[in-house]
Protein chains: 2
Amino acid sequence: MISETKIAHFDSLRLDSGFELAPVQVAYETWGELNASRSNAILVVHAFSGDAHAAGISAETGQTGWWDNMIGPGKAFDTDKYFVICSNVLGGCRGTTGPSSINPATGAPWAMNFPVITIADMVRLQHMLIESLGIRRLLAISGGSMGGMQVLEWAVSFPDAVACAIPIATTARHSAQQIAFNEVGRQAIMADLDWLDGNYYGRTRPARGLAVARMVGHITYMSDDSMREKFGRRMRGRDEFGFDFSAEFEVESYLRYRGSQFVDRFDANSYLYITKAMDYFDLSLGRTLAAALQPATARFLVISFTSDWLYPSYQSLEIVRALRTLNRDVAYCELPSNYGHDAFLVDVAEQTDMVRGFLASTYREAAA
Amino acid sequence: MISETKIAHFDSLRLDSGFELAPVQVAYETWGELNASRSNAILVVHAFSGDAHAAGISAETGQTGWWDNMIGPGKAFDTDKYFVICSNVLGGCRGTTGPSSINPATGAPWAMNFPVITIADMVRLQHMLIESLGIRRLLAISGGSMGGMQVLEWAVSFPDAVACAIPIATTARHSAQQIAFNEVGRQAIMADLDWLDGNYYGRTRPARGLAVARMVGHITYMSDDSMREKFGRRMRGRDEFGFDFSAEFEVESYLRYRGSQFVDRFDANSYLYITKAMDYFDLSLGRTLAAALQPATARFLVISFTSDWLYPSYQSLEIVRALRTLNRDVAYCELPSNYGHDAFLVDVAEQTDMVRGFLASTYREAAA
């Protein structure tokens with residue numbers, strides 16, 4: 001399944017900050033076929049470091065999509081039945097307008113003059129994309145982590161445009177600990193002398209700071225258990241301590257590798273803007289969560305994972321309780337997994353069954 | 001209670017790496033009086049960023065000791081009854097020989113030519129200090145976190161010199177996750193261009209990298225709960241988002257403050273060496289933990305805290321199970337606390353009662 005990235009262009013986007021961002025482009029990919037009644041469209045929304053390439057083999061890079069085990073013929077998001085769309089988020093660095101894009105007023109990259117964005121801004125741009133594709137109502141919207149925040153925002157901001165919502169391993173508001181981990185990543189980037197207040201385009205990139213930020217992220221995506229299983233105290237190619245500061249333990253080597261690998265595909269300023277959007281995310285904003293969710297009319301399937309300590313199950317349960325207070329149609333499942341937060345990407349057997357059944361029943365009801 | 005730092009000098013110390021470190025000095029403080037039979041001495045050992053100033057008001061800095069709520073007249077380590085000693089660890093930067101000390105061969109700081117050290121090296125130096133004070137057998141040795149590792153090492157390396165051992169919030173071996181968090185801190189320091197391969201003495205210090213490392217540490221020392229209680233999503237002096245990258249949330253401000261504060265009192269190279277010693281720590285080293293603990297004859301009181309996710313209770317339980325296998329005298333308690341790993345420093349009411357009773361019964365038995 002070869003997949004090509006397409007670009008949609010829009011004149012402007014009004015942001016929560018009041019800023020009018022113009023012009024705006026969105027990179028997106030699609031799989032499957034939109035049916036005649038345009039009732040089988042599913043929007044998949046990506047997590048922090050994801051992009052539009054959710055499934056299949058990229059025509060540009062040859063890479064497999066980040067949710068390829070969930071999207072495709074016969075998979076949870078069955079492309080034989082559904083038309084699946086995924087777009088790179090606003091603020092990103094994989095085709096959609098972000099801080100590395102050219103500011104038409106200066107002819108140079110926006111860098112830190114890019115406006116601070118929110119999850120709701122991302123969602124409004126996705127809504128413009130969906131409408132431009134001739135889709136008035138999505139059969140489903142689904143995503144994990146930051147993707148789940150977008151799912152919740154969609155359900156509240158565009159209730160008529162969502163038949164069902166599947167937020168996974170997510171929260172209705174970023175906690176102090178979640179903000180703290182993001183802040184450490186931002187500080188690591190800003191501490192890099194090559195960051196140059198964001199004006200590193202065309203120069204040396206702040207690779208060391210961005211790599212450190214990514215290493216912190218990777219620890220939070222795994223669980224204590226999964227790190228023990230994957231690495232334990234195993235050393236690289238030797239049994240004895242070297243009494244030096246090389247990467248002796250496999251876990252050290254892994255983190256350094258993942259950090260350096262990330263630098264090749266991600267923009268440091270996008271790291272700052274997207275983590276900030278996550279930290280700003282608070283669906284309730286002084287109201288009760290139930291009051292905030294009041295506009296949502298979609299059916300909900302909420303999924304969390306036992307070993308996910310970054311987005312713990314209690315945060316999903318807050319969403320579920322609020323929806324039940326409102327007497328909304330909501331199913332919840334905490335799936336057993338050792339993979340920590342990464343579970344929504346890698347440990348998908350039960351997730352697949354739940355999503356498949358939920359989509360099928362929603363599709364039947366919508367057709368009825 | 002004014003407390004002064006003293007310095008003990010030793011000709012040399014043979015390290016686990018085979019390196020002969022010479023000369024070596026140790027900074028230490030004491031509280032209370034050694035009795036005539038020299039049977040009331042307690043060695044308190046500090047955690048990663050601690051120092052010899054465990055109690056009272058420092059004559060040099062005016063600061064209160066890091067375990068002042070546990071050490072003093074009538075406190076858990078009752079200085080009316082016991083003679084309490086605390087020394088800065090080998091590799092430290094608070095008076096004991098470490099990478100910022102002068103290498104006599106060059107007349108310049110050791111920097112990264114300082115030998116890589118281990119927890120056992122730290123303990124051997126402490127043993128030399130204790131013997132130089134005329135003490136053959138400690139009534140007790142106690143400490144939390146990295147201090148607890150030293151406690152375990154003492155009990156195994158010098159069984160005749162320890163009547164009772166109180167390891168708190170610690171582990172018999174650093175896990176992959178614990179190594180990973182330390183590695184991120186090291187990489188943050190080494191990523192700082194001011195680090196200069198460790199040769200920053202007399203120049204600009206790698207303050208930004210060290211601050212980032214410390215921020216990561218602080219998150220791991222707290223719990224999700226304690227961060228919610230302490231910060232939540234509260235913003236600094238305003239109610240609305242600023243749509244910029246200033247420290248808007250109180251948790252961001254707190255981390256930045258603690259990071260910058262740490263830079264004033266800690267040496268970046270000591271950070272590298274001491275975290276490395278922790279990562280190397282593995283009491284079992286291929287044997288079962290029970291086999292490794294076989295030489296230990298001390299009575300044990302093992303304490304952990306419910307919300308400590310950095311040194312979770314299961315790691316303390318591994319120690320307890322191994323000691324019970326050996327039919328050793330061991331008491332274990334998991335204390336309820338919301339403070340995470342910091343609990344051993346701040347949430348000390350129950351800890352005080354347990355330690356007081358355990359010391360008193362050990363003292364009675366030793367005198368009998």
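Q: Where is N327(B) found?
A: N327(B) belongs to the loop of chain B that separates α9 (313-325) from β16 (330-335). Here helices (H or I, at least four residues) and strands (E, at least two) are DSSP runs, numbered from the N terminus. This is a predicted model, in which local features need pLDDT of at least 70 and side-chain atom pairs count only at pLDDT 80 or more, while totals for chains, interfaces and linings use all residues. Residues are numbered from 1 along each chain as its sequence is written, and chains are lettered from A and ligands numbered from 1 in the order in which they are written.

Q: Why is N327(B) called exposed?
A: A residue is buried if 20 or more other C-beta atoms, placed from the backbone, lie within 10 Å of its own, exposed if 12 or fewer, and partly exposed in between. N327(B) has 7 other C-beta atoms within 10 Å, and is therefore exposed. Its phi is near 60°, a positive value in a residue other than glycine.

Q: What makes R38(A) partly exposed?
A: R38(A) has 15 C-beta neighbours inside 10 Å, so it counts as partly exposed. R38(A) sits in the loop between β5 and β6 of chain A. The phi of R38(A), near 55°, is positive although the residue is not glycine.

Q: Which peptide bond of P23(A) is cis?
A: The cis bond is the one that joins A22(A) and P23(A), with omega about -10°. P23(A) lies in the loop between β4 (20-21) and β5 (24-31) of chain A. In chain B, a cis peptide bond joins A22(B) and P23(B), again with omega about -10°.

Q: How do you know that β6 and β13 of chain A pair?
A: Two strands pair if DSSP finds at least two bridges between them. Strand β6 (residues 41-44) and strand β13 (residues 138-144) of chain A have three bridges, in the parallel sense. I42(A) has A140(A), in β13(A), as its bridge partner.

Q: In what order do the strands of the open sheet of chain A stand?
A: The eight strands follow the order β2-β5-β10-β6-β13-β14-β15-β16, with mixed pairing.

Q: Why is one side of β2 and of β16 in chain A left without a neighbour in the sheet?
A: β2 (6-10) and β16 (330-335) of chain A stand at the edges and have a single partner strand each, so one side of each has no neighbour in the sheet. From one strand to the next, the twist averages 20°.

Q: At what angle does helix α2 of chain A run to β14(A)?
A: Axes are lines fitted to C-alpha atoms, for helices over the stretch in contact, and angles run from 0 to 180 degrees between N-to-C directions. Helix α2 (residues 146-157) lies across β13 and β14 (162-168) of chain A and makes an angle of about 150° with β14(A).

Q: How many residues of chain A are in contact with chain B?
A: Contact requires that the C-beta atoms of two residues, placed from the backbone, lie within 7 Å. On this basis, 42 residues of chain A are in contact with 42 residues of chain B. α3(A) gives the most to the side of chain A that touches chain B, with nine residues.

Q: Into which domains is chain A divided?
A: The domains, whose bounds come from an automatic or database domain assignment, are domain 1 (2-174 + 282-367) and domain 2 (178-276). Their C-alpha centres lie 26 Å apart.
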